[in-house]
Amino acid sequence: MNTQVIVLNGGSSSGKSGLARNLQAVLPEAWLSLSIDTLVDAMPARLTTGGDGIGFADDGGVDVGQEFMALQDAWIAGLVAMARAGAHIVVDDVFLGGAASQRRWLDALGHVPTLWVGVRCDAAVAEAREAARGDRVAGMAAKQADVVHEGVTYDLEVDTTHTGSMDCARTIATHLRSSLGERAD
């Protein structure tokens, strides 16, 4: 069965968004790239200042409340429905809850063929990217660099510390092709 969903999990500024764009360029099918940032950006302002929504602390910490979690569950269900309807989806996510975050995706995906990709990046490099971007709270990249991977199981991991996102995308594409070949035998 062909992969319908590629889940990229990594901390802030690890290179997931660039990787997703490059996957769209190297994969033969049309893949939609959807990010947790898209969900946050779509939320009403009152849910982006903490409380029941999502809050960003001055030290880079992120807190999520019940209303955010409910909206995130609906977002996940929507993406899974798109995949079940035939769309190929690249998900750019940050598993703040580590294994518990992956479990939520696994429960929603059911039998939808999914490739789980860990996107790693040295915390110092991610911090430098974060500073250069200027659109993140300082400290977020360092806080998330390792915690998002705790207890998460991957089919493949890439490290963007010294490897460009195009090369990482090619690694993922090669993995997908070899997986299809193994299944066809």
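User: Is aspartate 59 buried, partly exposed or exposed?
Analyst: Aspartate 59 has a relative accessible area of 45%. This is a predicted model, in which local features need pLDDT of at least 70 and side-chain atom pairs count only at pLDDT 80 or more, whereas totals for chains, interfaces and linings use all residues. Residues are numbered from 1 along each chain as its sequence is written, and side-chain values use heavy atoms, with hydrogens and water left out. Buried means under 20% relative accessible area and exposed over 50%, with partly exposed in between (1.4 Å probe, protein chains only), so aspartate 59 is partly exposed.

User: Which residue meets the side chain of aspartate 59 in a salt bridge?
Analyst: A salt bridge is a side-chain nitrogen of Lys or Arg within 4 Å of a carboxyl oxygen of Asp or Glu. For aspartate 59, the N to O distance is 3.6 Å, and the partner is lysine 143. The pair links distant parts of the chain, 84 residues apart: aspartate 59 lies in the loop between strands S3 and S4, and its partner in helix H6 is lysine 143.

User: How many residues apart are arginine 120 and glutamate 157?
Analyst: Their side chains meet in a salt bridge at 2.4 Å, N to O. Helices (H or I, at least four residues) and strands (E, at least two) are DSSP runs, numbered from the N terminus. Arginine 120 belongs to strand S6 and glutamate 157 to strand S7, and their separation in the chain is 37 residues.

User: Which helix holds arginine 170 and aspartate 167?
Analyst: The side chains of arginine 170 and aspartate 167 form a salt bridge of 3.4 Å, N to O. These residues are about one helical turn apart because they are separated by three residues in helix H7.
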